[in-house]
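Colleague: Could you take a close look at one part of this model for me, and tell me how the pieces around it connect? I'd be glad of the cut-offs as you go.

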Amino acid sequence: MYTKLFSLCAGIALLSACSGNKASTETTVENVEETATENVDIKGQWYLENIVVNDSVSVRPAEEAPDVRQYITFDNSTYFIQTNCNTFSGAYTINGDSITLGDGAMTEMACENMATEDILRSVLPHIALVNVENDSIVRLNSATSSEYIVLRKATEQK
C-alpha cells in the first residue's frame, strides 16, 4: 500500500516538474524572439531616387529637376523631405521593419514642376514597411499596394 502511494506521489511530482520546465522553455523562446526583432536604422540623409504608384505611374526626382538635390532626412523621431519646390516634415516611428510616417507640415509654394510633390502626397500616407537592401539603398513600401519609394544614401549631407 505504501509503495503504491509513494509511486503515485512520485508520478505526480514528475508530471509537475515536466510541465514546469515546458512553461519555462516557452517563456525563454518568446523572450529570444522579442529581442531578435531589431528596429531598422535609417537615420541620416537619403536622396529620393524613385517614387512609384504602380507600373505606369512613377517619378524619378533627379529627372524632374536635375540640378536640385531632393532628399529625405530621418533624425531621431522626425523626418524632413526637401523637393525641388516644397518641404514636408513630420514624426515617424519604426518598430522592426514597420514604419509609420505621421502627418506633418508641408510648404505649399506653386512651382512649374510639382510632379515630385504630387506623387509624394499620394504615396507617403501608405508607406508601412522599410526594406534595407544594402548600406546605401532603402525601399519604403506600402503594406497592401504596389506603391514604394527608393532612397539612396546621401554621400554629402546638406
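**The core and its surroundings**

Modeller: Happy to! The largest nonpolar core has 26 residues, and I42, F74, I99, I149 and L151 have the most contacts inside it. Such a core is a set of buried Ala, Val, Leu, Ile, Met, Phe, Trp, Tyr and Cys residues joined through side-chain atoms within 4.5 Å. "Buried" means under 20% relative accessible area, "exposed" over 50%, and "partly exposed" in between, with a 1.4 Å probe and protein chains only.

Before going on, please note that this is a predicted model: local features need pLDDT of at least 70, side-chain atom pairs count only at pLDDT 80 or more, and totals for chains, interfaces and linings use all residues. Residues are numbered from 1 along each chain as its sequence is written, and side-chain values use heavy atoms, with hydrogens and water left out.

Let's start from I99. Leaving aside neighbours within four places in sequence, I99 is in contact (heavy atoms within 4.5 Å) with I42, F74, Y92, T93, I94, I127, A128, L129 and V130. I42 and F74, then, are among the contacts of I99, and they are also listed with I99 among the core residues with the most contacts.

Strands here are DSSP runs of E with at least two residues, helices are runs of H or I with at least four, and numbering starts from the N terminus. T100 is partly exposed, since its relative accessible area is 48%. Not counting residues up to four places away in sequence, T100 touches A91, Y92 and T93. T100 and I127 are 27 residues apart in sequence, yet 7.1 Å apart in space, C-alpha to C-alpha.

Now to the rings. The structure holds 2 aromatic pairs. Y71 and F80 form a tilted pair, 6.5 Å centre to centre with 45° between the planes. Rings of Phe, Tyr and Trp (its six-membered ring) pair if their centres lie within 6.5 Å, with planes under 30 degrees apart counted as stacked, over 60 as edge-to-face and the rest as tilted. Y71 counts as buried because its relative accessibility is 8%, whereas F80, at 31%, counts as partly exposed.

F74 and Y92 make an edge-to-face pair, 5.0 Å centre to centre with 75° between the planes. F74 lies in strand β3 (residues 71-75) and Y92 in strand β5 (residues 87-95), so this pair ties together parts that are 18 residues apart in sequence. F74 is buried, with a relative accessible area of 1%, and Y92, at 6%, counts as buried.

β1 and β3 pair in the antiparallel sense over 4 bridges; two strands pair if DSSP finds at least two bridges between them. β1 is mostly covered, with 8 of its 9 residues buried.

β1 also pairs with strand β9 (residues 148-153), in the antiparallel sense and over 6 bridges. There, the bridge partner of V52 is Y148. Y148 has a charged neighbour: the charged end of R139 sits over its ring, 3.5 Å from the centre. That term asks for NZ of Lys or CZ of Arg within 6 Å of the ring centre and within 35 degrees of the ring normal.

Strand β2 (residues 58-59) runs antiparallel to β1, and 2 bridges join them. One of these links involves I51, whose bridge partner in β2 is V59. β1 and β2 form a hairpin with 5 residues between them.

N50 is found in β1 (residues 44-52) and is buried, given its relative accessible area of 10%. Neighbours within four places in sequence aside, N50 is in contact with S58, V59, R60, P61, Y148, I149 and V150.

Finally, the structure holds 1 disulfide, a term for a pair of cysteine sulfur atoms within 2.5 Å. This disulfide joins C85 to C111, with S to S at 1.5 Å, and the link is right-handed, with 70° about the S-S bond. C85 lies in the loop between β4 (78-82) and β5, and C111 in the loop between β6 and α3 (115-123), so the pair ties together parts 26 residues apart in sequence. C85 counts as buried at 5% relative accessibility, while C111 is partly exposed, with a relative accessible area of 28%.
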